[in-house]
Amino acid sequence: MPVTEQLVLDAGDIERTIQRIALAIVEATRGADRVGLVGIRRGGVVLAERLAEAIGEARGGEPPPVGTVDIAFYRDDAATALPDPKVGPSDVPFEVDGRHVILVDDVLQTGRTVSAAIECLKDFGRPARIWLAVLCDRGGRELPIAADFVGRLVQVPPGSRLDVTFDARGGARAALSLPPPVSPAGTRGEDGARR
Amino acid sequence: MSGGFHHRHLLGVEGLTATDVLHLLDTAEAFFAVSRRPVRKVPTLRGKTVINLFYEASTRTRTSFELAGKRLSADVVNMSVAASSVKKGETLYDTCKTLEAMQPDVVVMRHGASGAPHFIASRLRCAVINAGDGMHEHPTQALLDAFTIRRAKGRLDGLTVAICGDVAHSRVARSDALLLRLFGCTVRVVAPRTLLPDGIESTGVEVYDRLEPALDGADVVMVLRIQRERLEGALLPSLREYARTFGLGPRQLAWAKPDAIVMHPGPMNRGVEIDTTVADGPKSVVLDQVEAGVAVRMAALYLLAGERRGEGDGVHEPASEG
């Protein structure tokens with residue numbers, strides 16, 4: 001069955017969005033002496049690195065340090081879901097205690113991933129403050145979680161998926177995969193129907 | 001879902017593919033990192049119950065499994081059963097029934113009889129991990145050895161591994177050899193003929209009765225413990241003679257490759273199968289093995305303790321999602 005794609009953000013849009021979020025982060029953390037970024041595997045990792053570079057340029061200095069967390073071991077359905085096919089290590093190569101840590105993910109939806117990432121981060125230390133930066137907020141929260149820095153609010157039609165990709169050559173895009181037109185009977189595609 | 005781990009139990013290396021092993025080792029890498037954090041615990045198996053059922057004395061393996069379970073936030077219960085109370089099948093069967101009633105998610109079993117974990121695995125609804133059965137298998141030991149080798153050598157494929165000592169009584173040697181053969185390693189065993197099982201040549205390992213040619217060009221030297229409690233006098237003239245002809249000292253180690261590593265499953269008999277200077281020397285990775293053990297056992301518990309829901313129910317899509 002054909003799936004139609006609809007571009008939400010192209011590479012230029014994403015680059016400008018990153019610059020804008022970086023400036024907002026610099027502004028918001030002006031008083032903080034130490035800032036670090038932590039990307040949530042896997043979608044947030046590249047974004048966190050790009051954001052760190054942009055923050056470094058905006059401040060005219062070194063980019064802040066970047067770490068990654070894998071939330072596989074912190075999922076609230078970890079004990080009932082199938083184990084992840086591939087679990088990567090969480091790696092936070094800086095002291096978390098007393099630091100302003102910005103969690104970074106590509107898409108915010110239910111908030112469960114972010115909640116798990118906060119739990120994971122707290123096992124590395126006690127940050128002064130945890131912020132949340134996301135490229136896209138597609139709504140559909142199941143937990144009371146809100147992002148401090150949002151690139152774009154995206155309306156996602158039922159049954160569709162929103163994917164953000166960063167390819168190796170630096171091209172980036174966010175696109176909606178729309179299901180085929182709904183038949184009169186109104187049956188929904190099962191793929192990706194998360195809520 | 002590709003690349004997952006699709007076994008219900010971990011009863012032996014036999015039955016695992018190279019892909020299964022790599023999946024376990026990669027998962028163990030993530031847990032290895034957890035064990036080096038300030039908070040060495042993740043909430044993954046909260047509410048799950050692991051029973052350590054040990055019919056043979058073992059402090060280190062039991063402790064390693066206990067620590068692995070606790071670092072995953074599972075509830076771990078240790079049941080030590082005195083060997084004398086074992087009345088063969090009937091008691092084991094009753095034990096199964098008793099265990100079943102406690103509703104564990106994983107039973108970790110060590111037993112003196114080969115095949116005992118397989119017996120209970122076929123009668124319990126939960127996952128079973130073999131923590132050593134008789135002279136048969138000890139899969140988590142082989143996995144932690146592989147983990148240690150891969151970390152030290154950067155790979156598993158095509159290495160030359162010499163296993164020295166009491167191969168006949170060693171489930172470790174058997175599981176190690178099976179695993180290493182999956183990766184095309186050359187596996188050599190070296191021991192007095194009395195400590196080599198009959199027909200060992202047919203399993204694809206090379207057999208030596210002298211240390212020097214066995215160690216020549218080896219990447220890994222695995223020294224096995226002389227199991228005094230299993231020898232009962234007849235198989236070796238004396239420990240001193242064994243130490244002189246098969247013990248690993250600095251002079252013998254020089255026959256292996258310059259960057260060779262030395263492994264031992266512990267506990268060591270210093271001065272018998274391994275010289276103190278080698279055991280504590282720069283080539284020894286004995287303590288790395290112990291650390292790897294907890295990570296590998298966490299990976300095994302993690303991969304086996306999850307309830308098996310049907311695949312594709314959408315609960316576990318790795319796609320970007322918040």
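## The sheet of chain A

In this predicted model, five strands of chain A form an open sheet with parallel pairing, in the order E3-E2-E4-E5-E6. Strands are DSSP runs of at least two E residues and helices are runs of at least four H or I residues, numbered from the N terminus; two strands pair if DSSP finds at least two bridges between them. Strand E3 (66-69) and strand E6 (149-153) of chain A stand at the edges with a single partner strand each, so one side of each has no neighbour in the sheet. From one strand to the next the twist averages 25°, where axes are lines fitted to C-alpha atoms, for helices over the stretch in contact, and angles between N-to-C directions run from 0 to 180 degrees.

Strand E5 (residues 129-137) of chain A pairs with E6(A) in the parallel sense over four bridges. Asp137(A) stands opposite Leu153(A) in E6(A). Helix H3 (residues 112-122) of chain A packs on the sheet and touches E2, E3, E4 and E5 of chain A, a contact being heavy atoms within 4.5 Å. The direction of H3 makes about 155° with that of E4(A). Helix H2 (residues 43-59) of chain A lies across strand E2 (35-40), E3, strand E4 (100-108) and E5 of chain A, and runs at about 155° to E2(A).

## Chain A as a whole

Chain A has three helices and eight strands, which follow the order β-α-β-α-β-β-α-β-β-β-β from the N terminus. Of its 195 residues, 50% are buried; buried means under 20% relative accessible area, exposed over 50%, and partly exposed in between (1.4 Å probe, protein chains only). One of the residues that count as buried is Cys120(A), at 0% relative accessibility.

## Salt bridges in chain B

Over all chains the structure holds 27 salt bridges, each a side-chain nitrogen of Lys or Arg within 4 Å of a carboxyl oxygen of Asp or Glu. One of them joins Lys48(B) and Asp105(B), with the closest N and O atoms 3.8 Å apart. Lys48(B) is in the loop between helix H1 (18-34) and strand E1 (49-54) of chain B, Asp105(B) in the loop between helix H3 (88-102) and strand E3 (106-111) of chain B, and the two are 57 residues apart. Lys48(B) is buried at 8% relative accessibility, whereas Asp105(B) is partly exposed at 23%.

Another salt bridge, between Asp259(B) and Lys153(B), has its closest N and O atoms 3.6 Å apart. Asp259(B) lies in the loop between helix H10 (250-253) and strand E9 (261-263) of chain B and Lys153(B) in helix H5 (residues 139-153) of chain B, so the pair ties together parts 106 residues apart in sequence. Asp26(B), Glu29(B), Arg150(B) and Arg151(B) are linked in a network of salt bridges.

## Cysteines

The count of disulfides over all chains is zero, with a disulfide taken as a pair of cysteine sulfur atoms within 2.5 Å. The cysteine sulfur closest to that of Cys164(B) is in Cys185(B), at 15 Å, too far for a bond. Cys164(B) is buried, with a relative accessible area of 4%.

## Basis of the values

Residues are numbered from 1 along each chain as its sequence is written, while chains are lettered from A and ligands numbered from 1 in the order in which they are written. In this predicted model local features need pLDDT of at least 70, side-chain atom pairs count only at pLDDT 80 or more, and totals for chains, interfaces and linings use all residues; side-chain values use heavy atoms, with hydrogens and water left out.
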